[in-house]
Amino acid sequence: MMNNTAFPLSSCELKAFRTKIAQKGQELYRDFAWRNTTDPYKIWISEVMLQQTQTARVEKRFCAWIKKFPTVDVLALASVTDVLNEWQGMGYNRRALALLHAAQMLSEQGGTMPSSQQDLQALPGIGPATAAGICAFAYNQHAVYLETNVRSVFLHEFFRDAEQVDDKLLIPYIEQTCPPSGALGSREQMCPRMWYYALLDYGAHLKKTQTNPARKSKTYVKQSKFEGSHRQKRAELVRLLLAYQVSGDVCTTELLCRELNRIENSAKREDVSYEYVQKTLEELACQGFCVAQGDMWRVA
């Protein structure tokens, strides 16, 4: 019905679209722990966890994280080891370090989460989508929240016959259709918070029931294979470093190389070289994951 509708939407088109999304939101609503709070800290954690990670995996980790690090100030006092240990299984360990560094900045400023997108984006690891999500879900603000499921809905509804659609073409639709800041709402009457819940759930449904609409996006890139990749080997080295830190054993480059190759061989992959492990450890050190003490390594 909305296919290739020109922007801006007429008042009738806008009403029809909002009505459709509200109905889809009621039909497809998913109840998650992070949807039962407006605490901006908890919303922030959930938004970062959900980046390129399936909701089923986040469900398992979110409550455990909040139990261990219930506030910005508690997280700010945590060690890198504790943060990385709690993050294991989520992937992209750099996100955990960014959370820690941002929490430390916020704690120094009083421990209060900002309520503006500009201030949120000034923090490590918070980009436009994460900032918009925090503003919409925590503060019920009108925001342009453009993430993969939201993108899928707008591509499906307005650009069904198009290819290589630039996000710049989607943003005006998202801007116009999002309800105003502070609107009171429920699952029946949309406010920014419930509006984006509905879009997220409809977008997830579209991906399961038909060819992924996100493939029509100019930004679409098929995620590279993790197993056997450099990312996988980095993640294994971080896990090994954490394990040796807990046990208190000496952790040398040679030992890490031997253990990594054991993992590689068990997956029927070839050995990596000592030089490769050394270079990867130096890379991790530059990013704040670990530090060297001669030929020994420990978590930063």
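Because the model is predicted, local features need pLDDT of at least 70 and side-chain atom pairs count only at pLDDT 80 or more, while totals for chains, interfaces and linings use all residues. Residues are numbered from 1 along each chain as its sequence is written, and side-chain values use heavy atoms, with hydrogens and water left out.

**View 1. The crossing of helices α9 and α11.** Helix α9 spans residues 148-158 and helix α11 spans residues 192-209, where helices are DSSP runs of H or I with at least four residues, numbered from the N terminus. Their axes, which are lines fitted to C-alpha atoms over the stretch in contact, with angles running from 0 to 180 degrees between N-to-C directions, come within 7 Å and cross at roughly 75°. The two helices are therefore roughly perpendicular to each other, a class that covers 65 to 115 degrees. In contact, meaning heavy atoms within 4.5 Å, are residues of α9 including Val150, Val153 and Phe154, and residues of α11 including Tyr196, Leu199 and Leu200. By class, this contact has nine nonpolar, five polar and two charged residues, with Ala, Val, Leu, Ile, Met, Phe, Trp, Tyr, Cys and Pro counted as nonpolar, Asp, Glu, Lys and Arg as charged, and the others, Gly among them, as polar.

**View 2. Trp65 in the largest nonpolar core.** A nonpolar core is a set of buried Ala, Val, Leu, Ile, Met, Phe, Trp, Tyr and Cys residues joined through side-chain atoms within 4.5 Å, and buried means under 20% relative accessible area with a 1.4 Å probe, protein chains only. The largest such core has 92 residues, and those with the most contacts inside it are Tyr41, Trp44, Ile45, Trp65 and Tyr196. Helix α11 gives the most to this core, with nine residues. Leaving aside residues up to four places away in sequence, Trp65 touches Tyr41, Ile45, Met49, Leu75, Val83, Glu86, Trp87 and Leu99.

View 3. The structure holds zero disulfides, a disulfide being a pair of cysteine sulfur atoms within 2.5 Å. The sulfur of Cys251 is 9.0 Å from its closest cysteine sulfur, that of Cys290, which is too far for a bond. Cys251 is buried at 4% relative accessibility, and Cys290 is buried at 2%.

View 4. Leu284 is found in helix α14, residues 274-286, and counts as buried at 1% relative accessibility. Its C-alpha atom is separated by 9.1 Å from that of Leu237, 47 residues apart along the chain. Not counting residues up to four places away in sequence, Leu284 touches Arg234, Leu237, Val238, Phe289 and Cys290.

Conventions
Angles under 35 degrees count as roughly parallel, over 145 as roughly antiparallel, 65 to 115 as roughly perpendicular and the rest as oblique. Buried means under 20% relative accessible area, exposed over 50%, partly exposed in between (1.4 Å probe, protein chains only).
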